[in-house]
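Here is a friendly walk through one protein model and its ligand. Have the sequence and the 3D view at hand as you read.

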Amino acid sequence: MKGKICGTGAYVPANRMDNDQIAAFVDTNDEWIKERTGVWARHIASGSETTVSMACMAGRRALEDAGITAAEIDLLIVSTTSSNLILPCTACEVQKELGAEHATCFDLSAACTGFLLAYSTALAYLNCGVYHTALLIGSECLSNLMDWRDRGTCILFGDGAGAVVLRGTEGEMALPAAHSEGAKGDALVCKSRHDWSNLHDESGAQAMQDKEHRIGMDGQAVFRFALKRVPEVIAEVLEKNHLHKEDITFYILHQANRRIVEAVAKRLEEPIEKFPMNMQEYGNTSSASIPILLDELNRSGTLHRGDKLVMAGFGAGLTWGAAVVEW
Ligand code: UT7
């Protein structure tokens, strides 16, 4: 049994923040951000928008695109590290809103590799016949976790959600690949808002707690990690599936930084045209970036039946992985 993506959807908040708006409150400028990251703008949740509401919108659009009802979904995974809810899980809230009453629902937390791992998890379930139709969503409201005083991180990230419907069909499953290196986790951290051990500290602890509970990153370490691991895991997944890079139409990389995507293309000796990008408009939306990009390509008619794609994610953990998708 193999998995076939038969619908995509996405949702990004209407509230758009360009680089000049960020430069108004932190020491940076449009030219630096564009040149070093490729990001021109990001969309930030406002009003009643949350990780749950964005996930619902993306999920609903994916169901419409697939032409199926929510009741046909028997597996619903939401990848997120920035939900407004701890309990119940985001996937159960989406189930409730969409009416996916027959679905087994759970969240998956693996930062920017999360969607890739949700996809791999669903593939394995479909392949052994446990489930037949999965709704996979990456939804992030990173603006809630951002330290808006830290120019090393706040320029990069954005909010949004993307979703796919994955169905089991006859055929051989393409094997995914994924790895983790917890020992290097310090490079990208965000402590729980509910680290109760800190609550009784002496005066001054509150400010410390506030900072620790925002995203902190060693940008260069993450950059070097991505440059080494992403080409490696793409080569691994091609080899596992007896494919050559000539067989691949597009590489759908996590949209972290234009320079990372360009460097990966160079290392793989593949033309940059095979690496679609949209971080210029949305920034890094963590586990939502791959399905948002897939949705854009799907809706613009860029993808054709039979195209082979490689999705690759990488990020906090550290975690990284890749999967081959036949469109
Ligand atoms: O989803 C995965 C998550 N994360 C990533 O993928 C992040 C990967 N890393 C990156 O994208 C890049 O490392 C950053 C965009 C975060 C930073 O770019 P960089 O080219 O690695 O910059 P840097 O940290 O080496 O800093 C270079 C200079 C420094 O100034 P000096 O010491 O050379 O005078 C920084 O202080 O640029 C300065 N700088 C800035 N200047 C203006 C750092 N951030 C900014 C800024 N605006 N926002």
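## The shell around the ligand

By class, the shell around the ligand holds 10 nonpolar, 8 polar and 4 charged residues. Here Ala, Val, Leu, Ile, Met, Phe, Trp, Tyr, Cys and Pro count as nonpolar, Asp, Glu, Lys and Arg as charged, and the others, Gly among them, as polar. The model is a predicted one, in which local features need pLDDT of at least 70 and side-chain atom pairs count only at pLDDT 80 or more, while totals for chains, interfaces and linings use all residues. Residues are numbered from 1 along each chain as its sequence is written, and side-chain values use heavy atoms, with hydrogens and water left out.

In total, 22 residues surround the ligand, each with a heavy atom within 4 Å of it. The closest are Thr-28, Arg-151, Gln-220, His-254 and Asn-257. Three helices, H2 (30-37), H7 (219-240) and H8 (258-268), each supply at least two residues of this shell, and H7 gives the largest share, with 4 residues. Helices (H or I, at least four residues) and strands (E, at least two) are DSSP runs, numbered from the N terminus.

Now for some polar contacts, meaning pairs of N or O atoms within 3.5 Å. A polar side-chain atom of Asn-257 sits 2.7 Å from an oxygen atom of the ligand, and one of Trp-32 lies 3.4 Å from a ligand oxygen atom. From the backbone, a polar atom of Gly-219 is 2.9 Å from a nitrogen atom of the ligand.

Taken alone, the ligand exposes 940 Å², and the protein buries 72% of that. These areas come from the Shrake-Rupley method with a 1.4 Å probe.

Where does strand E7 sit? Of the 10 residues in E7 (residues 160-169), 7 are buried, so the strand is largely enclosed by the rest of the structure. Buried means under 20% relative accessible area (1.4 Å probe, protein chains only).

E7 pairs in the antiparallel sense with strand E1 (residues 2-11) over 9 bridges, and Ala-10 stands opposite Gly-162 in E7. Strand E6 (residues 133-140) also pairs with E7 in the antiparallel sense, over 8 bridges; there, Leu-135 stands opposite Val-165. Pairing requires that DSSP find at least two bridges between two strands.

## Helix H5

Helix H5 (residues 114-127) has 14 residues and spans 20 Å from its first C-alpha to its last, close to the 20 Å expected at 1.5 Å a residue. That expected span is 1.5 Å times one less than the number of residues. Buried residues of H5 include Phe-115, Leu-116, Tyr-119, Leu-123 and Leu-126. Just after H5, Gly-129 takes a positive phi of about 80°.

Methods. Buried < 20%, exposed > 50% of the residue type's maximum accessible area, 1.4 Å probe, protein only. Polar contact = N/O pair within 3.5 Å; in protein donor to acceptor, adjacent residues only side chain to side chain.
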